[in-house]
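Student: I have a structure open and would like to talk it through. Can we start with the overall picture and then go to details?
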Amino acid sequence: MRLFLLNLQLSSYYHTSRYAVPSVFSTYIELGFHHIFDFKAYDHMLFLLALSAIYTLNDWQKVIALVTCFTIGHSITLALATFKIIQFDSALIEFLIPVTILLTCITNFFKLKGAAAKQATILSLHNLMALFFGLIHGMGFSNFLRQMLGRNGNIWQQLLAFNIGIELGQLLIVGIILVASFVAMNLFHAKKRDWIMVLSSAAAGVSLILMMETNIF
C-alpha cells in the first residue's frame, strides 16, 4: 500500500510542468530519508549502530566523515545497479549485509581502549571499511529504488536526491546514538568499554540471526 501511494504521488509530479523538477527532487530526498527509518528493513540501522558504537559525542566530526564514506560507497553501487551496469544475486546481498554488520562488530572488540579517539578524521581504516561495506549496502538499496524510479529522464537527479535523503537519515540515526552514549556515560556513568561491548554484542547477535534467515542456506 505504501509503495502504491508513493507511486501515485510521483505520478502527480510528473504531470506538472513548471514545478515538476523541484517537487520530484524533494520527494526522492524524502524517500531516501524514510527508507533508512523503515523498521521492516532495520539491517541498515543496525549497521550504523555497529559502525558508530566506538565513538562518543566528542568524535562527531569523525562520525560525519565515517557516514559520508559509507554514503559514497553505496552511492557508487546504487548508481551502477540502477543503470544495470552491474548485476548481482539478491539473496547473496541479503546475506552479505548482515556479514558487514558482524565484521564491524568484531573490529569494535579490538577498539575497546579508546582507539577511535586516536584515528584520523578522514584517512582511517574505519572509514575505508565503511566505504567498502557501503558498496554492498548500495546493492540492497537498489532493490527499493528500482520500484520508485520515475518515468521521466531525470534519473541522475533522482539518484542524487535519494542519496541525500539517505545521508540525512543516517546522520540523524548516528546523532541519536551519540547522544545516547553521552547520556549513558555521563548520567549513568557507564564505562565506554562496556558501552561498546553491549552495542556490538547485541548487533552481532542480531546479524547472526539475519544471516541464518537468508535464502542462501
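Tutor: One term to begin with: a contact means heavy atoms within 4.5 Å. Also, this is a predicted model.

Student: Fine. Of the contacts between residues at least 6 apart in sequence, what share join residues at least 24 apart?
Tutor: In the protein chain that share is 84%.

Student: And how many helices and strands are there?
Tutor: The protein chain has nine helices and zero strands. Read from the N terminus, the order of elements is α-α-α-α-α-α-α-α-α.

Student: What percentage of the residues is buried?
Tutor: The protein chain has 217 residues, and 49% of them count as buried.

Student: Let's go to helix packing. At what angle do helix 7 and helix 8 pack?
Tutor: The angle is about 125 degrees, and the axes are 12 Å apart. Helix 7 covers residues 125–148, and helix 8 covers 155–186.

Student: Why is that pair called oblique?
Tutor: Angles over 145 degrees count as roughly antiparallel and 65 to 115 as roughly perpendicular, with those under 35 roughly parallel and the rest oblique. The angle here is about 125 degrees, so helix 7 and helix 8 are oblique to each other.

Student: Left-handed or right-handed crossing?
Tutor: Helix 7 passes helix 8 in a right-handed crossing.

Student: Which residues meet there?
Tutor: From helix 7, F141, F144 and L145; from helix 8, L159, F162 and I166. The residues of this contact are six nonpolar, no polar and no charged.

Student: Where does K84 sit?
Tutor: In the loop between helix 4 (60–82) and helix 5 (90–108).

Student: Buried or exposed?
Tutor: K84 has a relative accessible area of 63%. The cut-off for exposed is over 50%, so K84 is exposed.

Student: And H189, what is its phi?
Tutor: H189 is also not a glycine, and its phi is positive, near 55 degrees. H189 lies in the loop between helix 8 and helix 9, the latter being residues 192–213.

Student: How accessible is H189?
Tutor: Its relative accessibility is 65%, so H189 counts as exposed.

Conventions. Residues numbered from 1 in each chain as written. Predicted model: local features only at pLDDT ≥ 70, side-chain atom pairs only at ≥ 80, totals over all residues. Heavy atoms only, no water. Helix = DSSP H or I, 4+ residues; strand = E, 2+ residues; numbered from the N terminus. Buried < 20%, exposed > 50% of the residue type's maximum accessible area, 1.4 Å probe, protein only. Axes fitted to C-alpha atoms, helices over the stretch in contact; angles between N-to-C directions. Left-handed = near helix turned anticlockwise from the far one by under 90°. Nonpolar A, V, L, I, M, F, W, Y, C, P; charged D, E, K, R; others polar.
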